[in-house]
Structure formats: C-alpha cells, structure tokens
Amino acid sequence: MNGVVHVYASFNNTIITISDNSGNVVCWSSAGKQGFKGSRKSTPYAAQVATTFAVNIAKEHGLQNFMVEVRGPGVGREASLRAIQAAGLNVTLIKDITYHP
C-alpha cells in the first residue's frame, strides 16, 4: 500500500502525520506526544524519535511506499527525513510545501 508522510516542523514542535492515498489518517506522532517538554521538543532528536514511532505504526498497518511532504522552518525537517530513510521505507517523492509569504 502507498501512503503520505506529512511532516510539520515548527520552531517549537515537530508533528508527523501518516495517511493513505485517500487522505485517511493512519497514525500520527509529535515530539510532545513522545514525552519531550519545553525546549527539548524543538530538537532534531525529538523529531527523529517521533518520526520513528509513527513509521513503525504505519509499517504494522501495511504501508510500504511513501511520498513525503515537508512543511515549516523548524529543525526537525532533516532529522525526520533521515529517520524515514533509516527505517527502510520506499520513498518515492520528497516535496517541500512550506508557505511563502
């Protein structure tokens, strides 16, 4: 099955949402959900832990091929991409959809 990984990296938190091609959310995670509080939520390590958690749940649901959409200016952008690739997923496309004022 195919899915979409939505990474929203703000200055204060990183939120990862994984959906199928229809847009139905399969799982989600954030640095705050993983127990990081305060300034530790905005670190690359917190983004990596949150991404790894969400990707493992998506694998249990049978998703294998992913398109990645990255949004926001935070430090969790690159760390999330590295965690996705380290998990051994098939990434077909990486798209930056950050809003530009």
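S80 has its place in helix α2, where helices (H or I, at least four residues) and strands (E, at least two) are DSSP runs numbered from the N terminus. This is a predicted model, in which local features need pLDDT of at least 70, side-chain atom pairs count only at pLDDT 80 or more, and totals for chains, interfaces and linings use all residues. Residues are numbered from 1 along each chain as its sequence is written, and side-chain values use heavy atoms, without hydrogens and water.

S80 is buried, with a relative accessible area of 0%; buried means under 20% relative accessible area, exposed over 50%, and partly exposed in between (1.4 Å probe, protein chains only). Apart from neighbours within four places in sequence, S80 is in contact with V7, T14, I16, A47 and T51, contact being heavy atoms within 4.5 Å. A polar atom of the S80 side chain also lies 2.8 Å from the backbone oxygen of G76.

Helix α2 covers residues 76–86, and its buried residues are G76, R77, A79, S80, A83 and I84. The cover over these buried residues includes β1, β2, α1, β4 and β5 (90–96). Just after α2, G88 takes a positive phi of about 85°.

In soluble globular proteins, nonpolar side chains tend to be buried together. The largest nonpolar core here has 15 residues, of which V5, I16, I18, A58, F66, V68 and I84 touch the most other members. Such a core is a set of buried Ala, Val, Leu, Ile, Met, Phe, Trp, Tyr and Cys residues joined through side-chain atoms within 4.5 Å. At least two residues of this core come from each of β1 (2–9), β2 (14–20), α1 (44–60) and β4 (65–71), and α1 gives the most, with 4 residues.

Charged pairs form a further set of links. The whole structure holds 2 salt bridges, each a side-chain nitrogen of Lys or Arg within 4 Å of a carboxyl oxygen of Asp or Glu. One joins the side chains of K95 and E69 (3.7 Å, N to O). K95 lies in strand β5 and E69 in strand β4, so this pair ties together parts 26 residues apart in sequence. D96 forms a salt bridge with R77, with the closest N and O atoms 3.3 Å apart. Because D96 lies in strand β5 and R77 in helix α2, the pair ties together parts that are 19 residues apart in sequence. D96 is partly exposed at 46% relative accessibility, whereas R77 is buried at 18%.

Conventions
A polar contact is a pair of N or O atoms within 3.5 Å; within protein, one must be able to donate a hydrogen and the other to accept it, and residues adjacent in sequence count only if both atoms are side-chain atoms.
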